[in-house]
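Hi,

Here is the structure I promised to pass on. Have a look at it first, and my notes on what turned up are just below.

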Amino acid sequence: MNQRKYIQSVERAMLLLETLVSRKEGFRLAELSEQFSLNKTTLHGLLATLSSLGYVSRRGQYYVAGLRVRDIARPLTDSDQQLREQFTPALRRLSVLSGETCWLAVPCGTREYLYIDAIEGGNSLRVASPRGTREGLITSAIGRIFLAFHEDLARTLRKEGLITGKLNSTLSLIAECGYALDIEEAEKGLNCMALPLRQHGYVVAAMGVAGPSNRLHPDYLRRLAVRIMRDMFDIIKL
């Protein structure tokens with residue numbers, strides 16, 4: 001999507017919904033006005049519109065997410081559960097082979113991806129649930145998987161000048177070899193590898209493994225990727 005074609009009122013309404021969902025007890029109008037740097041008249045108009053559609057409710061002086069949000073989100077929850085059920089065997093296999101925590105993620109908009117599950121490895125410290133956590137597409141192995149196999153995403157970021165010539169070459173290599181590496185790029189001392197996960201030929205998710213660079217050497221990660229692509233072909237649909 002071209003940045004110039006963004007509709008500001010739609011963007012504001014969606015960000016407002018995300019904010020309301022984040023706190024069960026809701027927000028006062030003044031809080032929201034300050035948080036979004038909007039005058040109360042404009043903000044009240046957005047809230048009134050969303051309320052008329054059932055996406056926002058009012059409890060005294062507080063605005064909360066309406067029940068219609070739950071209704072429209074239910075099919076997406078079912079879809080996430082289906083992805084977890086389909087790809088958990090591959091995720092577990094990757095975790096067993098590497099001994100590290102492994103992640104399952106899906107695309108989320110044109111700039112980010114969303115973690116929907118994780119399996120803890122034997123070598124890893126306990127980690128918090130990643131569900132609902134979002135990360136940028138450009139700097140991580142998982143994000144680059146989505147850019148390499150979703151041309152529309154890559155095209156959007158190219159138009160905005162966010163994909164350099166070097167990254168463009170990297171994406172071509174990822175599409176050719178079938179996996180992505182992040183060698184201490186996103187975080188010093190941390191190496192990562194990611195693989196695309198397909199349904200009916202389309203990349204719908206990605207799984208990744210991350211760990212200390214002294215354990216996950218680049219050559220080891222390349223061998224691991226090739227092994228997973230060979231042994232788990234029937235699950236990851238490469």
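Before the charged pairs, a word on the term: a salt bridge here is a side-chain nitrogen of Lys or Arg within 4 Å of a carboxyl oxygen of Asp or Glu. Please keep in mind that this is a predicted model, in which local features need pLDDT of at least 70, side-chain atom pairs count only at pLDDT 80 or more, and totals for chains, interfaces and linings use all residues. Residues are numbered from 1 along each chain as its sequence is written, and side-chain values use heavy atoms, with hydrogens and water left out.

Salt bridges

The whole structure contains 10 salt bridges. Some of them join up: R23, E25 and E31 are linked in a network. Within it, R23 pairs with E25 at 3.7 Å from N to O, and R23 also pairs with E31, where the closest N and O atoms are 2.9 Å apart.

Another of the salt bridges is formed by R230 and D231, with 2.9 Å from N to O. Here R230 is exposed, at 56% relative accessible area, while D231 is partly exposed at 36%.

Cysteines

How many disulfides are there? Counting pairs of cysteine sulfur atoms within 2.5 Å, the answer is zero. For the cysteines I looked at, C177 is partly exposed with a relative accessible area of 35%, whereas C192 is buried at 13%.

A nonpolar patch

On the surface, I7, V10 and M14 form a nonpolar patch with about 290 Å² of accessible area together. Patches are made of residues with over 30% relative accessible area and no salt bridge, joining like charges within 9 Å and nonpolar side chains (Val, Leu, Ile, Met, Phe, Trp, Tyr) within 5 Å. The areas come from the Shrake-Rupley method with a 1.4 Å probe, and for residues only the protein chains shown count as cover.

M14 is partly exposed, with 47% relative accessible area.

Best wishes

Technical notes:
Buried means under 20% relative accessible area, exposed over 50%, partly exposed in between (1.4 Å probe, protein chains only).
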